[in-house]
Amino acid sequence: KALSGRATRRVCGGGSMTTLILGGTFNPVHQGHIHLAHAALRATLGSRLVMLPSFAPTHRSNDSLLSYELRFALLLAVRELFANAAVSDIERRHDGRAFTIDILPRLIAEEGIERPCFAMGLEQFTRLPRWYRGKDIPRMTDVAVLPRDDLDQARFHSVIQTNWPEFAHDATARDCRACYR
């Protein structure tokens with residue numbers, strides 16, 4: 001199942017102009033990231049993928065990180081697995097601490113993204129309210145949330161009801177078993 005929307009108002013708009021934005025530390029990029037990107041593209045009918053590696057993540061010690069250059073190079077290799085993908089270095093070029101709430105509008109403007117959709121797994125979505133201004137992200141852009149199993153649908157709706165009650169009546173769960181084949 002794929003859960004999505006502007007805190008799930010709609011299924012990321014869908015269609016040929018939707019650009020899926022997949023951020024993360026990618027330390028290193030692995031099959032789970034690739035699977036999430038493919039599943040989210042299918043679920044949202046997205047036409048483009050922009051991968052956004054964290055330059056200096058605020059939630060992790062830099063001691064345990066691969067270098068940004070290596071993580072970026074690995075993502076450049078992974079982008080070949082997708083028909084229309086890019087890797088953005090906007091966080092590396094950002095002055096000061098980079099927070100998603102600040103980076104997304106700059107990325108959208110810089111890349112000329114008409115219909116953005118921020119993708120994440122359910123585990124990250126449950127943490128989103130604790131991010132710096134994380135509750136504002138679903139009000140700013142569509143969000144595609146992909147769970148690991150069928151039990152996640154109740155958790156998804158609980159997070160929506162608790163943090164974005166104004167969207168609770170619009171939250172959609174879309175059957176996307178094909179995404180996992």
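Arg-155 and Glu-123 join their side chains in a salt bridge, 2.8 Å from N to O. Arg-155 sits in helix α6 (residues 152-163) and Glu-123 in helix α4 (residues 122-127), so this pair ties together parts that are 32 residues apart in sequence. A salt bridge here is a side-chain nitrogen of Lys or Arg within 4 Å of a carboxyl oxygen of Asp or Glu. Helices (H or I, at least four residues) and strands (E, at least two) are DSSP runs, numbered from the N terminus.

A word on the model: it is a predicted one, where local features need pLDDT of at least 70, side-chain atom pairs count only at pLDDT 80 or more, and totals for chains, interfaces and linings use all residues. Residues are numbered from 1 along each chain as its sequence is written, and side-chain values use heavy atoms, with hydrogens and water left out.

The structure has nine salt bridges. Among them is the one between Glu-111 and Arg-48, at 2.6 Å, N to O. Glu-111 belongs to helix α3 (residues 100-111) and Arg-48 to strand β3 (residues 48-53), so the pair links parts 63 residues apart in sequence.

Arg-93 and Asp-89 also meet in a salt bridge, at 2.8 Å, N to O. Both take part in a salt-bridge network, together with Arg-92 and Glu-110.

How accessible are these partners? Buried means under 20% relative accessible area, exposed over 50%, and partly exposed in between (1.4 Å probe, protein chains only).

| Residue | Relative accessible area | Class |
|---|---|---|
| Arg-155 | 34% | partly exposed |
| Glu-123 | 32% | partly exposed |
| Glu-111 | 27% | partly exposed |
| Arg-48 | 17% | buried |
| Arg-93 | 35% | partly exposed |
| Asp-89 | 18% | buried |
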